[in-house]
Amino acid sequence: MSKPSPSNALDRVLVLEMVRVTEAAAMAASSLIGRGDEKAADAAAVEAMRKAFDELPIDGTVVIGEGERDEAPMLYIGEKVGGAKGKGPKIDIALDPLEGTTITAKAGPNALAVLAAAESGCLLNAPDVYMDKIAVGPGYPDNVIDLNKSATENVTAVAKAKGVKPNEIIACVLDRPRHQDLIDELRQIGCGIVLIPDGDVAGVIATTDPDTSIDIYMGSGGAPEGVLACAALRCVGGQFKGRLLFRNDDERARAHKWGIEDLDRIYDLTDLAKGDCIFAATGVTDGSLLEGVRRRKGGLVTTESVVMRASSGTVRWVKGRHQVG
């Protein structure tokens, strides 16, 4: 994957400042880990993320957020964020203040605070519908994965490119009843499966990290999360294919509202996230990608984050120590 040219707009946004935004959301959500209240955890993360954005000298627009204005009072699609509205560099923001609300409420693994930033027009305004997804990490031939092919065909192609047998491939799949046929097919060919309860952004990113042993991500999940995952893949490499799934006429109408006319289109990685991108995530609970927030004596809070930039290919792991209270 060739590196995009650096963005003048993003040059004016310090990459580490984006980490401060996800850190704030993660710390706020962490106070509600295991409390059984998904909505309260999400609301805490949203409010903290908005306040942190207001400290940044950007003219940001939320293109992937908590929903449309009439459905989400905080960080809705189209909302302006940043401390330089109308004056600073124009930045599109995709965000999920708490990816894994149920995970957080139940103290499960892989909950994250996530955001991506790019120049205006570089992130797809994806409607809040499901998306059929397939992804692999870097190092494979172009188009090794194909949504028009079966799970068996895709696993076989990845195995051939990797130089192993299909039963040596590990797939990551969201643990949902709708995926039972997919799971059955993968098991019939002996493919290993990592079932995750939530958090498919982390699931897609896991394909890029050899330490996770995950080779391929498959299944359907939220379209907004697909855009966030693609922003990360733009920075570290990999392949992604996605196709929007519509359950009713209301969802089709929502897609038309956001300018999507071809409802059967298969989106490539750069269709969802193009140009220079920044991706940042902070762990809320422990997971395969990041350690969760730790609260220690004396008001000390520790965090672990990752921040990436497409134009440089740089990946930074950031350990934070925060004195709170």
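In which sense, parallel or antiparallel, do β11 and strand β13 (residues 300–309) pair? The pairing is antiparallel and spans five bridges. Strands here are DSSP runs (E, at least two residues) and helices are runs of H or I (at least four residues), numbered from the N terminus. Two strands pair if DSSP finds at least two bridges between them.

The model is predicted, so local features need pLDDT of at least 70 and side-chain atom pairs pLDDT 80 or more, while totals for chains, interfaces and linings use all residues. Residues are numbered from 1 along each chain as its sequence is written, and side-chain values use heavy atoms, without hydrogens and water.

Within β13, Val306 is the bridge partner of Ala281. Strand β4 (residues 112–119) also runs antiparallel to β11, joined by seven bridges. There, Leu112 has Gly283 as its bridge partner in β11. Seven of the seven residues of β11 (residues 277–283) are buried, so this strand is largely enclosed by the rest of the structure. Buried means under 20% relative accessible area (1.4 Å probe, protein chains only). Cys277, Phe279, Ala281 and Gly283 point one way from β11. Ile278, Ala280 and Thr282 point the other way.

Six strands form an open sheet of mixed pairing, in the order β7-β6-β8-β5-β9-β10. β7 (192–196) and β10 (266–268) stand at the edges with a single partner strand each, so one side of each lacks a neighbour in the sheet. Neighbouring strands are turned by 20 degrees against each other on average, direction ignored. Strand β6 (residues 170–174) pairs in the parallel sense with strand β8 (residues 216–222) over two bridges. Tyr217 in β8 is the bridge partner of Cys172.

How values were computed: Buried < 20%, exposed > 50% of the residue type's maximum accessible area, 1.4 Å probe, protein only. Axes fitted to C-alpha atoms, helices over the stretch in contact; angles between N-to-C directions.
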